[in-house]
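Please read them with the coordinates open.

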Amino acid sequence: MTWSEMQPLLSQACWDTFYMVGWSTLIAVAGGLPLGILLVLTDRGGLLQNVLANRVIGQIVNVARSMPFIILMVALMGFTRWLTGSTIGREAAIVPLAIGAIPFFARLVETAVREVDGGLVEAVQSMGGNTWTVVRKVLVPESLPSLISSATTTIVALIGYSAMAGTVGAGGLGDIAIRYGYQRFETELMWITVGVLAVVISVIQFAGDYAARGLHRRGGQSGAGPRLRLLKAKEPATADVGKVA
């Protein structure tokens with residue numbers, strides 16, 4: 001197969017992969033971010049402590065994460081057909097990709113949010129902040145560098161999942177590697193596909209790491225400001241108590 005024959009195949013396959021991964025990432029972030037935060041809030045000592053709810057949610061997340069993606073695709077075929085009208089194609093592949101990525105991203109979010117300094121949470125609460133204020137003003141902003149890294153890890157995992165989805169007719173680079181590289185013995189095209197995947201993953205990982213480092217440096221330079229403002233806001237109340245005494 002000549003390069004002029006390979007080029008349109010690779011171009012379409014790249015577009016299909018970006019389409020599947022892009023939409024799956026958006027859905028995974030939209031579903032996994034609140035789920036991960038909820039796991040932290042409902043845990044012991046959390047702002048919305050509810051041990052039973054935390055265990056139920058955690059168990060559901062664990063079961064979903066432990067299921068191999070190829071089995072998940074087969075198990076969701078009925079739901080995928082009902083939702084998209086088909087079980088093949090890139091739109092159909094988005095369904096298992098997103099459902100598989102939501103619990104994966106949720107656990108990463110949980111880990112990132114747990115790293116937030118508890119002193120900041122207590123300071124906001126002492127100033128009258130409710131749970132939504134704590135989440136919006138402290139938990140998400142303070143864990144943003146780690147959340148960016150978590151999203152990057154999720155995107156890289158989804159690219160691997162999309163390659164597996166190609167084995168069942170979802171399209172993308174995995175489909176090209178299987179149909180042409182393996183079934184038609186186009187070894188050169190298969191290795192080019194592998195190279196393209198490696199480059200795409202490297203670029204995404206570099207961009208995610210760069211963004212996370214940038215946010216971390218900016219937070220490190222200005223992170224003391226919010227802490228000082230919170231502490232200063234508490235000083236007058238402490239002084240008033242001393243005067244009364």
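1. How are α1 and α5 oriented to each other, oblique or roughly parallel? This is a predicted model, and in it the axes of helix α1 (residues 3-41) and helix α5 (residues 90-114) come within 5 Å and cross at roughly 40 degrees. Angles under 35 degrees would count as roughly parallel, and α1 and α5 are therefore oblique to each other.

2. The crossing of α1 and α5 is right-handed. The residues that make up the contact of α1 with α5 divide into 22 nonpolar, five polar and six charged.

3. As for the chain as a whole, its secondary structure comes to 11 helices and zero strands, so that reading from the N terminus gives α-α-α-α-α-α-α-α-α-α-α. Among contacts between residues at least 6 apart in sequence, 72% join residues that are at least 24 apart.

4. On burial and surface, 34% of the 245 residues of the chain count as buried, while the accessible surface comes to about 13700 Å², with 65% of that area belonging to carbon and sulfur atoms.

5. Met-190 deserves a separate comment.

6. Leaving aside residues up to four places away in sequence, Met-190 touches Ala-177 and Gly-181. The C-alpha atoms of Met-190 and Ile-176, which lie 14 residues apart along the chain, are separated by 7.5 Å.

Methods
Residues are numbered from 1 along each chain as its sequence is written. This is a predicted model: local features need pLDDT of at least 70, side-chain atom pairs count only at pLDDT 80 or more; totals for chains, interfaces and linings use all residues. Side-chain values use heavy atoms; hydrogens and water are left out. Helices (H or I, at least four residues) and strands (E, at least two) are DSSP runs, numbered from the N terminus. Buried means under 20% relative accessible area, exposed over 50%, partly exposed in between (1.4 Å probe, protein chains only). Contact means heavy atoms within 4.5 Å. Accessible areas come from the Shrake-Rupley method with a 1.4 Å probe; for residues, only the protein chains shown count as cover. Axes are lines fitted to C-alpha atoms, for helices over the stretch in contact, and angles run from 0 to 180 degrees between N-to-C directions. Angles under 35 degrees count as roughly parallel, over 145 as roughly antiparallel, 65 to 115 as roughly perpendicular and the rest as oblique. A crossing is left-handed if the near helix is turned anticlockwise from the far one by less than a right angle, and right-handed if clockwise. Ala, Val, Leu, Ile, Met, Phe, Trp, Tyr, Cys and Pro count as nonpolar, Asp, Glu, Lys and Arg as charged, and the others, Gly among them, as polar.
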